[in-house]
Structure formats: structure tokens, C-alpha cells
Amino acid sequence: TQAGILGWPAMHAQLADVDPVTAARLNPADSQRISRALEVYRISGRALSAFHTGKSRAKDEVDTRVDELKGLEDSNALMIALEPVDRAWLHERIAQRFDAMLADGLIDEVKALRARGDLQPDLPSMRCVGYRQVWEALDGQWPMTELRERGIAATRQLAKRQLTWLRSTPQRQVVACDVPGAVELVLGIAKNSIDSPK
């Protein structure tokens, strides 16, 4: 990778050329934040600091969303959580989804992303479930024959963390997503909430 060849101080200098405001507040050894700031610039064509300056409209919108989310616990907002009753059903769906990703060209997509030359495996976008496992297999960290198993296992771990997070939200209304009529039940709950607001 470019960082591996040039080193993080040099990557910090590159950031200073395109986004001096962000570079000034980052330590030259802060690889994760430097790489993220450079990634934002390469993808959007805008400096990361441009998204944070003053009370821009974008920042106002983000602040408003954060405030709304913080207030959900104390509000009467309707929160519906689709949670499976049968863990085996969830595992089967995860396997089907990962198989579909592979069939739709996930490996070729990651190969093309690697060939660009401006992405590294430590970037947040490349650490996503699926992409990370393909990247590691292409790096030879383990055989490509293990890709499916590792991708499915990583997705299961992510799903488990997501369910744990959902269960920490006691005001949610749970709908079993692995039973017939789940969609109709969600629509019914939403309609009742609209018809009889608290």
C-alpha cells in the first residue's frame, strides 16, 4: 500500500496539501484518521474539514438527526424491531445472502477496488463484512476455499451484535421477522400508532 511504502508522516503531508485544517489537528502517526480523511477527499473531492466548518447546512442536519436519535428514548416515537425467533432461520438467511453476494461478483468487485491503488484494508469501507474477508483471502492470509465460511461467520457475529443492541432498547415493539405475516403485523402496528397517537 501507499502508506506502507511512504509511511504515515508522508501520508499526513499529503493530507496537509488537500485538507490543512484536518491535518493540523491530527498526529502524523494517527493512521486511521489520516486514512479516513484522505478517503473522504478521494471519494467526495471535498476536504473532511469542509463537512465540519461553522454551522453549515450539512452540519446542522447532522446535529438535528443526532438530537432526534438521542431523544427517542424519552419520546413516544414508535420503534419496531424485526427480530427472529429461530436463530437457525437467521443463520440460513445469512448464508443465502452471502452466497448471493459471491454469485453477484463480490470477489471481482474487491479485485477491482484493490487495483485502484488508493484503498487499503485498514480503511473503514474495506473493513465491512464480506469485503474484509475477500481482501484477506486475496492477500493470502488464508485459502480462498475458506472465504464462504469466514464471510458467513463474520456476518453472524455482526447480526449478533445488532440484536444485542436492539435488545438494549426496551421501548421497542418486537415483531418476529421469521413468521408468516410479519410485514402485515408491522403495517398494523404503524397504522394503530398513527390512528391513536399518544
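Me: What share of the contacts in the chain with a separation of 6 or more comes from residues 24 or more positions apart?
Reply: The model considered here is predicted. Among contacts in the chain with a separation of 6 or more, the part that joins residues 24 or more positions apart is 59%.

Me: How many helices and strands does the chain have, and which pattern do they follow?
Reply: In this predicted model, the chain has 10 helices and 2 strands. Along the sequence, these elements follow the pattern α-α-α-α-α-β-α-α-α-α-β-α.

Me: What percentage of the residues of the chain count as buried?
Reply: A residue counts as buried when its relative accessible area is under 20%. The chain has 198 residues, and the share that counts as buried is 29%.

Me: Which residues does Leu 106 touch, not counting residues up to four places away in sequence?
Reply: Leu 106 is among the residues that touch the most other members of the largest nonpolar core. With residues up to four places away in sequence not counted, those touched by Leu 106 are Phe 98, Met 101, Gly 130, Tyr 131 and Val 134.

Me: How many residues form the second, separate core?
Reply: Nonpolar side chains tend to be buried together in soluble globular proteins. The second core is separate and includes Leu 15, Leu 38, Val 40 and Leu 48. Its number of residues is 11.

Me: Within what arc do the buried residues of H6 fall?
Reply: The buried residues of H6 are Leu 90, Ile 94, Ala 95, Phe 98 and Met 101. Seen down the axis of H6, these buried residues line one face of the helix, because they fall within an arc of 135°.

Me: Which helices are included in what covers the buried residues of H6?
Reply: H6 has 17 residues and reaches 24 Å from its first C-alpha to its last, close to the 24 Å expected at 1.5 Å a residue. The cover over its buried residues includes H7 and H9.

Me: Which helices are included in what covers the buried residues of H4?
Reply: H4 has 14 residues and reaches 20 Å from its first C-alpha to its last, close to the 20 Å expected at 1.5 Å a residue. In H4, the buried residues are Ile 34, Ser 35, Ala 37, Leu 38, Glu 39 and Val 40. The cover over them includes H2 (8-18) and H3.

Me: What is the N to O distance in the salt bridge of Arg 36 and Glu 39?
Reply: Arg 36 and Glu 39 are 3 residues apart in H4 (residues 31-44), so about one helical turn separates them. Arg 36 is partly exposed, with a relative accessible area of 38%, whereas Glu 39 is buried, with a relative accessible area of 3%. The N to O distance in their salt bridge is 3.5 Å.

Me: Which residue forms a salt bridge with Arg 116?
Reply: Arg 116 counts as partly exposed at 46% relative accessibility. Its partner counts as buried at 19% relative accessibility, and the closest N and O atoms of the pair are 2.9 Å apart. This partner is Asp 118.

Me: Which residues are linked in a network of salt bridges?
Reply: The count of salt bridges comes to 9. One of the salt bridges joins the side chains of Asp 30 and Arg 33 at 3.2 Å, N to O. A network of salt bridges links Glu 83, Arg 167 and Arg 172.

Me: How far apart in space are Ala 24 and His 12, C-alpha to C-alpha?
Reply: Ala 24 lies in H3 (residues 20-25) and counts as exposed at 68% relative accessibility. Ala 24 and His 12 are 12 residues apart in sequence, and their C-alpha to C-alpha distance is 9.3 Å.

Note on methods:
Residues numbered from 1 in each chain as written. Predicted model: local features only at pLDDT ≥ 70, side-chain atom pairs only at ≥ 80, totals over all residues. Heavy atoms only, no water. Core = buried A, V, L, I, M, F, W, Y, C linked by side-chain atoms within 4.5 Å. Buried < 20%, exposed > 50% of the residue type's maximum accessible area, 1.4 Å probe, protein only. Contact = heavy atoms within 4.5 Å. Salt bridge = Lys/Arg side-chain N within 4 Å of Asp/Glu carboxyl O. Helix = DSSP H or I, 4+ residues; strand = E, 2+ residues; numbered from the N terminus. Expected span 1.5 Å × (residues − 1). Arc of directions from axis to C-beta.
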